[in-house]
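My notes follow, in the order I looked things up.

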Amino acid sequence: MKLVKAYNSVSLVLRIVIGMAIGTALALLIPNAAVTAPGIGILGTLFVGALKAIAPLLVFVLIISALAQSKEKLGKQFGTVIVLYLVSTFLAAVIAVIASYLFPVTITLTEAVSDSAPESFAEIFTNLLTNIVSNPIGSIVSGNFLGILFWAIVLGFAFKGAADSTKRFLADASEAVTKAVRFVINLAPFGILGLVFTAVSTSGLAIFTEYGKLLLLLVGCMLFSALIVNPVMAFVAMRNYITTTTTLTAELSEIRAKLALLERTDEDNAEAINDLSEDMRKELDNIYQAIAALSVKTPQARKQPRLIGYKTPEK
């Protein structure tokens, strides 16, 4: 258990690099390594087979679960995402084709390629439609992602009206398959070790030069797509939102300026009101003092009336 924890504590990239180094060293140290130590090379075959087996199932289950648990109306955003995905995929393919012609790379393959390129556009279109509507189970087995995507979308919309328990099962299934993929990816260093061992023992160290050129070409295409093509697509898709946001920002700035002016005006008005209220208070104090003085003098001003012509009888 401690060994597993120590293994998982190291980053995956570092583990892969270590696996490549070990595979290269074993291929160089073992004489006639491809024949005398076939058990090492089989690690790469098992790893690639596991990835090919689990990846189609992961895509199939995730799409069904996501669509089944989505809201009633996916809205315009869903269509925009689909369009952007298709366009970006097409542009990435175009970039890859152009780069392969500009910077041709020759790769030594262990097995000869038996497939032939289609001869006409009609054949391409026919094969495309045939792959889309192929058997879903067969598509998962053969790794036909067009058929997997098509049937996953159909079944995902079909499961939208299912019971909550069914949707919960789909969510649990997608989570379980995701954990299985993580387990396979966690074993990538052993698979890379086997692949590098087989490649070096078969073709020598020159294989790194070939794959290095291919890697640089792939990374260059990815960077071009990520840093140039995708931002341009995002800008074109979001230009209306950007224009609206710019307009709203300008309006908000104008509103803030008006509010600041009103605050300054309110401060001035508050000072004027305070001065006026102070003057009124003083005037009211003077009025109250005058009334108080009159109320004191009034009893002295009022005297008893004196009778005319006779004296007041004494009691």
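I took contact to mean heavy atoms within 4.5 Å, and helices to be DSSP runs of H or I, at least four residues, numbered from the N terminus. The model is predicted, so I kept to its limits: local features need pLDDT of at least 70, side-chain atom pairs pLDDT 80 or more, while totals for chains, interfaces and linings use all residues. Residues count from 1 along each chain as its sequence is written, and side-chain values use heavy atoms, without hydrogens and water.

**Helix H8.** I looked up which residues of H8 are buried (under 20% relative accessible area; exposed is over 50%, partly exposed in between; 1.4 Å probe, protein chains only). They are Gly147, Ile148, Ala152 and Gly156. They sit on the same side of H8, because their arc around the axis (from the directions of the C-beta atoms) is only 150°. I found them packed against helix H4 (38–68), helix H6 (121–132) and helix H7 (136–142).

I checked phenylalanine 150 and tryptophan 151 next. At 33% relative accessibility phenylalanine 150 counts as partly exposed, and tryptophan 151, at 25%, counts as partly exposed too.

**Cores.** I then searched for nonpolar cores, meaning buried Ala, Val, Leu, Ile, Met, Phe, Trp, Tyr and Cys residues joined through side-chain atoms within 4.5 Å. The largest has eight residues: Ala27, Ala37, Ile40, Leu193, Val196, Phe197, Val200 and Ile207. Helix H10 (residues 188–203) gives the largest share, four residues. Another core, of seven residues, lies apart from it and includes Ile148 and Ala152.

Definitions and conventions: Helices (H or I, at least four residues) and strands (E, at least two) are DSSP runs, numbered from the N terminus.
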